[in-house]
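Morning, everyone. Let me walk you through some strand pairing and one surface patch. Structure up, please.

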Amino acid sequence: MSTDEGQEPAGDAVQAGDGGTGTSRTWGVLVRAQLHEGLSDLPVVGVYVPKSLDAKLNLLTVGATSKAPLPASDRTRLNAVLAKVKSAGFPPQWTSRLGAGASLSIGGKTVEVWAPMGSTSKEKKEREGDGPAAGSAFYDSTAVAWYEANLQLGPLVVERVGARYDKRGVSALLDARLSVGGLTLSADGLGLVVPLKAPYTPSGCLDGLGVGFHKAPVTLSAALLNQTPPPEGYRFAVAGMAVIEVPSVNVEAVGFYAQPEHGADPSLFLFGTLGFTGQKGIGPPQFQITKFAAGFGWNSAVREAQVGQFSTFPFMSMMERQHTAGDEGKDALAALDGLVKPSGAQPAWVTPKTGQVWIAAGLEFVAFEFVTAQALALAQFGSEVSVAVLLHAAAQFPKAPATPYGLVEIEAKAAYHSGTDVFSLDATILNSSFVLDRACRLGGDLALRVWFGRSAHPGDFVCTLGGYHPEFEKKKPAHYPAARRLSIDWPTGAGLSIHGEVYLALTPSSFMVGSLLKVRWEAGPISAGFDAKVNALVQWAPFHFDVEIELDAWASLDLGFKTVTAEVDVGVHVWGPPVGGTAHFSALGYDIPIDFGAKQSSAPKPLTADEFRAQLLPKAKSTGSEQDNVVVVRPLTGVLSQQKSEAALPSARQVSSRTFSFETATAVPATRVLLNNVAHGASAATLSIRPMDAYEVHSVHTVAFTRTRVDQPDPKAEDVDTAKESWTVELVKSPVPKALWGDRPGTGPEADATRADYGTGLRITVPPPRSTLRWSLKAADIAHEPLTPDGPMPLTSGTWGPGWADPPSGTDAAGVITGSVSTLRAVRSTLCQALPPVLRPADADDALTAYAAVADQYLNADPLLAHGGKSAQ
């Protein structure tokens, strides 16, 4: 039966149990409502919906069971009980304790859909055999189920129909598209919502609407997407997209707007591309730009794509997407859907986030006519700063449209995040890459990590191209990235297959390189092949190497009742120091080992103190110097000279007395750091020097300050009381490599390649000077000095009164002044030398030649150079 406004839908409620007791008891509840509501029942537009195209929601079923998933035997017993009261039972796809189902009809075809309603915390607390949890657990659930219909009714294609349950009620939905004369209308989530509260008045719903038009030479695509439900904390969210393509250019843009629930600033973003649809872009032939991209977000965050995911990252796919005629509206809806909606366990690519701002810029280009690439830079600012650069590039040899004999396609990403203080670079060769033959596939990864001072592993780094040495892989630190071997895999199709691998890696403690080549051939009962491998691992501090080379060749014949195999294995394994190794030769079941030098179990010989100093401690920067550069002083701020502050501080350096700070640094970590014999901060109790096999050593870094009063008759150096004078002193603990300063190594892997519990120096800030002079002069006394006599320039004898005479005509007054500069310099120097050093200007002995050169420009008129009489002397 149909429902009218204010009238409840007909239905029934049934509870059934299997008769068990305690934990073995299984029960189920089904609530059904007959609705018979369809698109034709909508106000205003319902009368225009043909009955042949009407989509109706006939029956809604909501159920609960005591078990999830419901065992088939229990479901059979429950359904047998329900059948006695002529009630439909639980479907086979029942997988959760709460679920919803619906019966839908469209175009005369009826479908049944069911969807689980996820478990809630209240459901988890239910005891077996009890009823559903009280409260809103049921009403807070969301369930949706789809049925792939692929039903075509004239120009209308119904792709799928479904049902959804959420806070708004129960919805009958369909995804469809209508194409007429080059115009395509696409609808996602078009349907009817029936609330579960009186008066049960149905209303329409639409999750997304797409519009596409294609009629040469114009292509248009647009879409709007209503995000249901909106992100947490927002009242509503809507996204939009538009694409316009004409013969010369194409424009594509996506946008998003979300309004918060409590009147805060909205979340929004806009991203767009401008491309050139012709064969040529802009720029020189060697570098043609074919597309630009830019965007920004406010109160918005972007989930960064990892290498291998660029094809699903909408911002990158927009830069390389080629639109298909007739599917323009669907393209736009798909792009929007992937941009603002979660995908499986992954959150949406762009999500609202208060206080976060991002900007993006990119371009697509063609280099040398055979390299095509898309590059995107993304910077985000908020509680932390992150910068990422994404690159997708493909190179084809020879260039299209010729038949390619090689294609290399890569994805690369460089990123820095201030929150973790880590720089990363990742690159991968995609599976589409090949050389010589499409069956000859290429693969492999590159990874670089640099951990800075505020990261979890400061001072550590790793760079790998294709992974690590097999032995290092066993003890690789957990924070080191994994990487696939650089590889080539070629099944030739003639019974011959070739597989090759290469790797190279560098860490603070080791370098490793290796390769592997496998060749297999098979022809009927005969097969043969060989394996050749090389693995080399070099570690320093202490220096140690391990090199292994091996060749294994074999051939076999299958006789039907027996397989005959011949094999030859040759290898050599060398290690040191102390240098030793083993070689072996195996053939026809015989193995001949040849050992030489030191055994592999022998520990490396510890370095002596002189060897450690010569090999591992830094030397002075001067050429040919044998002096150690173990302790240096580096100015940080306040340097006035032209020398770079990164250089070691020389014995004399001009600095500012107000902003001077510096740092001492020792290459040998210290267990104690003293400033004028006073300890500062806490360091590790003992020092370990692993290359010398020396442990529980003590090291002291001493810093002393003295002051010499050069203005005293007998200058003497005096200790500076830094605490009394309020100097700021901070203990520095820089990361140092465990390969040099680590404790005795164990058998297992080390989690970090560095340690930061030793003192490595002091960071010191000198306070600004405090003047001990007491001035009695008031500011008002020097605020204005009257000029007597007062009169227009140039002054004449009449202005000064009796006793003065006008200067002779033609006198070069400015020249007289500049000519007396040397005399003035001597007087000025004498005056400056009389001042105490703290008040003496830095340019006390300046020659004043610069002033003399422009004195005639400074003087507005000739100054009075009259010679006074007796009264003026």
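One definition before the sheets: two strands count as paired if DSSP finds at least two bridges between them. Also keep in mind that this is a predicted model.

Start with a three-stranded sheet. It is open, it runs in the order S36-S35-S39, and its pairing is mixed. Which strands sit at the edges? Strand S36, residues 678-679, and strand S39, residues 700-703. Each of those pairs on one side only. Now the contact between S35 and S39. Strand S35 covers residues 672-675, and four bridges tie it to S39 in parallel.

Strands of a sheet pair through backbone hydrogen bonds, either parallel or antiparallel.

Next, a four-stranded sheet. This one is open too, with the order S33-S34-S45-S42 and antiparallel pairing. Strand S33 (631-637) and strand S42 (728-732) are the edges. Each has a single partner strand, so one side of each has no neighbour in the sheet. From one strand to the next, the twist averages 20 degrees. Look inside the sheet. Strand S34, residues 661-666, and strand S45, residues 761-765, run antiparallel and share three bridges. There, Phe-662 stands opposite Ile-764 of S45.

Strand S12 spans residues 218-226, and strand S13 spans residues 234-245. They run antiparallel, joined by eight bridges. Ala-222 faces an alanine across that pairing: Ala-242 in S13. On to the following pair. S13 and strand S14, residues 249-260, are antiparallel over eleven bridges. Ile-244 has Val-251 of S14 as its bridge partner. How many residues lie between S13 and S14 in their hairpin? Three.

Last stop, the surface. There is a nonpolar patch of about 600 Å². Its members are Leu-270, Phe-296, Trp-298, Ile-359, Phe-381, Val-385 and Val-387. Two elements give two or more residues each: strand S16 (287-302) and strand S19 (385-397).

Pick out Trp-298, which lies in strand S16. Why does Trp-298 count as partly exposed? Because its relative accessibility is 41%, and the partly exposed class runs between the buried cut-off, under 20%, and the exposed one, over 50%.

That is the tour. Over to you.

Notes: Residues numbered from 1 in each chain as written. Predicted model: local features only at pLDDT ≥ 70, side-chain atom pairs only at ≥ 80, totals over all residues. Heavy atoms only, no water. Patch = residues over 30% accessible without salt bridge, like charges linked within 9 Å, V, L, I, M, F, W, Y side chains within 5 Å. Areas by Shrake-Rupley, 256 points an atom, 1.4 Å probe, with all protein chains shown as cover. Salt bridge = Lys/Arg side-chain N within 4 Å of Asp/Glu carboxyl O. Buried < 20%, exposed > 50% of the residue type's maximum accessible area, 1.4 Å probe, protein only. Axes fitted to C-alpha atoms, helices over the stretch in contact; angles between N-to-C directions.
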